[in-house]
Amino acid sequence: MTISQPDDRGHFGPYGGRFVPEVLMAPLEEIEAAYAAARCDEGFQAELRDLMESYAGRPTPLYYAKRLSETLGGARIYIKREDLLHTGAHKINNCLGQALLARRMGKRRIIAETGAGQHGVATATVCALFGMECVVYMGEEDMRRQRLNVFRMRLLGANVVGVTNGSRTLKDAISEAMRDWVTNVETTHYLLGSALGAHPYPLMVRDFHSVIGTEARRQILERENRLPDAIFACVGGGSNAIGIFHPFVPDETVRLIGVEAGGRGPKLGDHAARFSGGSPGVLHGAYSYLLQDDDGQVSLTHSISAGLDYALVGPEHAWLHDQGRAEYVSVTDKEALEAAQLLSRTEGIIPALESSHAVAEAIRRAPSAKGEVYIINLSGRGDKDMDIYRENLKDLDEVDTDLRAF
Amino acid sequence: MKSTRISGLFERLRSEGRTGLIAYLTAGDPAPERTPSLVAALERGGADLIELGVPFSDPIADGPVIQRGVERALKAGTTLASVLEIAAEIRRRSEIPLVLFTYLNPVLKYGFEALARDAAAKGIDGCLLTDLSVEEAGRYVEMTRAQGLDTVFLAAPTSTPERLKLVAQYSSGFVYMVSRTGVTGEREKVSSSAQPLINSMRAITNLPLALGFGISRPEHAAELSGKVDAIVVGSAIVRIIEQNADSPSLETCLEAFARELRNAL
């Protein structure tokens, strides 16, 4: 049986660890100690549970997607509705947990990075809830792609700082957040938004999201009286995926399928498929599969979904991959767009572009999986992506000016 | 322990009762073929040791000035392998100690053992990897020291006493003390967190102590003279390179700046 727990220095097999400048080592030790204490503190856990239920909207439904399943004519597909959570994505789970932890450590200033803006919005939300100062770093390219989320963060009282370095995307936003943290470490908690970074972040973020898998496991047993055959989740850093995978890791019969961004194609720079196109390396504190060139420079990445557009995969995924416990595939921009349309039209659920990648892989496999039960983790809703959907689905945009009769 | 160019330098500094000047520049900025003459200018001005920055795409410990230097160097095609060639070129004409200053990933890609072997062969004397914590450094230290290279680690104002001991234990040649929390970059004043760190570190180790981050002016050098074994100046040098990259007087400017710092020490 695969055991997926890090050692006391945060290694999942050879992956993970703590690769940061010395300035950050003691603060990471402080977070590790505070989190270890909070983990076994019933008061902390009870407060977190209460916020997850009364504020964020947990448990989220596990919905049987009947029309989608029938359309594909194979597997029975269930959808874990993280898109129904407050702020529109799973990100709020981790933000509530870390904000409680920051309060426990006496840190009143929160910084975060964001790609798609979902983690930034969730962070701005919990900072408003707890009355904390909030600074969100966001690449200027992502600010352009996700204008609405930038405004949401500002409406919530956050200071959104545009990052103009490098590719102006998530990677550069994390670098800039780390530079802020290095500078203001005494007063500031870095609320990292994915299962990435130095120990204990990958562990902590996974724990706060594992409620997804714990609920889904209970719900599918209630509905089907059996475990699912496969679980699909998109993988950028990999927080929603590790959240739903983790409670199923000991269930060897359940196939865990992570879906990376295949972008425009397999050329380096055109995608964010770390397992097929990368090799182990270190970025932003962790050792894992990394898209890099022959000289060890981190490659640029591309995905239609800002949340998957990152060069390193979370270290626990690297470990599950090498153990053969989880399988990682990639889906192109085009396939994700098609999947989003099919889900929208058959179920009335418009997915986030990130989550559309998981939907696409399930759609690809379902027709030949008669009798099987699938769960798709629908990590976020598509509202934030309307501009990108419009840009890419121009024929739909022209319908209302068209006089064709339907 | 075997004498190295680095240990030789600090012995000499101690016997002369002088505080050393360590100069950082990003190798390959503005172009790889320029670096040897820039190093020579710094040496003429009085630099005692050169930190050769190897550019990395995501320099999280660096402020805007060095970030831009790194971008220029990468754009000019600089790689770890080409920095070793630059080192060899410098070594043909100079015995100044050379320390590679970079991030872990390019070194991982090159291979610890291969780098130690090649760096030693090209005349490098030591390495400092900003994001390699002592906890993860066992194999690196072993392989790097096996080739007679020094391994320099960072100590920070946030380091606990236990961590400072580990840093001293894993370091050879000297310890690089980070004067303040934050990224590299010029500052008005020497940080007030520097002196407590110097005191803590002195109580733990006999290794030479260098202090960097924010040290950028002759008056900083004067203030620190006698308090540490060496000071490190980086961003101020990279800024001079940035502002004078196309000027025939770049070398003269660098030499003059190094001399100003040296005279203040």
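Helices here are DSSP runs of H or I with at least four residues and strands are E runs of at least two, both numbered from the N terminus. The views below come from a predicted model, in which local features need pLDDT of at least 70, side-chain atom pairs count only at pLDDT 80 or more, and totals for chains, interfaces and linings use all residues. Residues are numbered from 1 along each chain as its sequence is written, chains are lettered from A and ligands numbered from 1 in the order in which they are written, and side-chain values use heavy atoms, with hydrogens and water left out.

**View 1. A:Glu347, a residue of helix 13 of chain A.** Helix 13 covers residues 333-347. Is A:Glu347 buried or exposed? A:Glu347 has a relative accessible area of 13% and is therefore buried (under 20% is buried, over 50% exposed and anything in between partly exposed, with a 1.4 Å probe and protein chains only). Apart from neighbours within four places in sequence, A:Glu347 touches A:Tyr63, A:Ala65, A:Lys66, A:Arg67 and A:Leu68; contact means heavy atoms within 4.5 Å. A:Arg67 sits 280 residues away along the chain, yet its C-alpha atom is 6.4 Å from that of A:Glu347.

**View 2. A:Asp251, in the loop between helix 10 and strand 10 of chain A.** Which residues does A:Asp251 contact, leaving aside its neighbours within four places in sequence? They are A:Arg217, A:Leu227 and A:Arg325.

**View 3. Helix 5 packed with helix 7 in chain A.** Residues 118-130 form helix 5 and residues 147-155 form helix 7; their axes are 9 Å apart, at an angle of about 10 degrees. Axes are lines fitted to C-alpha atoms, for helices over the stretch in contact, and angles between N-to-C directions run from 0 to 180 degrees. The two helices of chain A are therefore roughly parallel (under 35 degrees; over 145 is roughly antiparallel, 65 to 115 roughly perpendicular and the rest oblique). Helix 5 contributes A:Gln118, A:Gly120, A:Val121 and A:Ala124 to the contact, and helix 7 contributes A:Asn149, A:Arg152 and A:Met153.

**View 4. The largest cavity, with about 320 Å³ of space.** A cavity is a set of points on a 1 Å grid over the protein atoms alone where a 1.4 Å probe fits but cannot get out, whereas a pocket is an open set with protein on both sides within 12 Å along at least five of seven lines; lining residues have an atom within 4 Å of a point. Grid points are joined across faces, edges and corners, and a volume is the space filled by probe spheres set on the points. The largest cavity is lined by 29 residues, and A:His90, A:Lys91, A:Ala116, A:Gly307 and A:Glu354 are the closest to its centre. Altogether, the structure holds ten cavities of 30 Å³ or more.

**View 5. The largest pocket, with about 460 Å³ of space.** Its lining counts 25 residues, with A:Gly166, A:Lys171, B:Ser57, B:Glu71 and B:Leu74 the closest to the centre. Two or more lining residues come from helix 8 of chain A and from helix 3 (64-75) of chain B. Which element gives the most to this lining? Helix 3 of chain B does, with five residues.
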